[in-house]
Amino acid sequence: MSLKVLLVDDSAVMRKMVTRTLRQAGIDLGEVLEAANGIEALEVLTNQVVDLILCDWNMPEMDGLTFLKEARKQYQTPVVMLTTESSQEKISEAMAAGANAYVSKPFTPEKIGTSLSQVLGS
Amino acid sequence: MMVTEEFTQVTSTEETLEAAAPKSVDVSAISSGSGFELSFSGKVNGRVVVRCSPEGGQNIAGSMLMMDAEELSHDDVSDAMGECANMICGALKVRLGGADDDFQLSIPTPLTTAPDLPRESGGALLYQLSRGLVSIEVWRD
């Protein structure tokens, strides 16, 4: 079953890289939606149902943690944080806010594939 | 790191790059390329600057996006360097911040001019890529 994915990252390069990495990891990608910050991501979610959200932390307008907290008020879509924030404190903060998994940048296809397999149970 | 090219460290110095780089390395190319700056704050305040020569930027962006240099736009290279700066600082954060719970890194901002950096305390690494140069500078305020 193809996944409909929302990528949330202020870097267009990173959004392209994540898309490519997901395909390299063997993920069956359907439609890939993109947002450059948390505000745009929330707008996407009001009109679209997605299977998975991959979200950066440090973004302008609305950062990833704030987006996660806002999204969790309405949606239970699996969220994987993809970020350079790698301290245990930040990881705990994200998980407490409702993230399903946390992958530190830079990441390999294997690393992200393993994480998504655990989150999506496949 | 998604970059597959070999990084060869040319110099590690507490002096300015211009003063300490080997004579065989033309560091002036760095000043004409892309650069990003991040500030950090906490118990220690300062800045991290990541700069590259035009060829170095294309090299890195091309590796990240798996595209040839000719296909890359200026925005692609700039964006890739910003993301590299972000990832480098993420790795540095633990070393710079240690157990400092208040340690914060800013979002990378593009360098529009050569940064007026305090040279009193800090250092730089200069890397020779297969094509181009990349420098990573860490300076304390």
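How many residues does the contact take from chain B and from chain A? Let's start there, keeping in mind that this is a predicted model.

## The contact between the chains

Chain B gives 17 residues to the contact and chain A gives 16 residues. On the side of chain B that touches chain A, the elements giving two or more residues are α3 (54–65) and α4 (74–97) of chain B. The largest share of that side, 10 residues, comes from α4(B). Sorted by class, the residues of this side of chain B are 10 nonpolar, three polar and four charged.

## The sheet of chain A

Chain A holds an open sheet of five strands in the order β2-β1-β3-β4-β5, with parallel pairing. At the edges stand β2 (29–35) and β5 (101–104) of chain A; each has a single partner strand, so one side of each lacks a neighbour in the sheet. From one strand to the next, the twist averages 20°.

Strand β1 (residues 3–8) of chain A runs parallel to β2(A), and five bridges join the two. In β2(A), A:A35 is the bridge partner of A:V8.

## Helices on the sheet

Helix α3(A) packs on the sheet and touches β1, β3 (52–55) and β4 (79–83) of chain A, its direction making about 175° with that of β4(A). Helix α5 (residues 109–120) of chain A also packs on the sheet, where it touches β3, β4 and β5 of chain A; the direction of α5(A) makes about 175° with that of β5(A).

## A helix pair in chain A

Now for α2 (residues 38–47) and α3 (residues 64–71) of chain A: they pack at an angle of about 25°, with their axes 9 Å apart. That angle makes α2(A) roughly parallel to α3(A). The crossing of α2(A) past α3(A) is right-handed.

Among the residues making this contact are A:L42 and A:L45 of α2(A) and A:F67 of α3(A). By class, the contact of α2(A) with α3(A) has five nonpolar, three polar and one charged residues.

Conventions. Residues are numbered from 1 along each chain as its sequence is written. Chains are lettered from A and ligands numbered from 1 in the order in which they are written. This is a predicted model: local features need pLDDT of at least 70, side-chain atom pairs count only at pLDDT 80 or more; totals for chains, interfaces and linings use all residues. Two residues are in contact if their C-beta atoms, placed from the backbone, lie within 7 Å. Helices (H or I, at least four residues) and strands (E, at least two) are DSSP runs, numbered from the N terminus. Ala, Val, Leu, Ile, Met, Phe, Trp, Tyr, Cys and Pro count as nonpolar, Asp, Glu, Lys and Arg as charged, and the others, Gly among them, as polar. Axes are lines fitted to C-alpha atoms, for helices over the stretch in contact, and angles run from 0 to 180 degrees between N-to-C directions. Angles under 35 degrees count as roughly parallel, over 145 as roughly antiparallel, 65 to 115 as roughly perpendicular and the rest as oblique. A crossing is left-handed if the near helix is turned anticlockwise from the far one by less than a right angle, and right-handed if clockwise. Two strands pair if DSSP finds at least two bridges between them.
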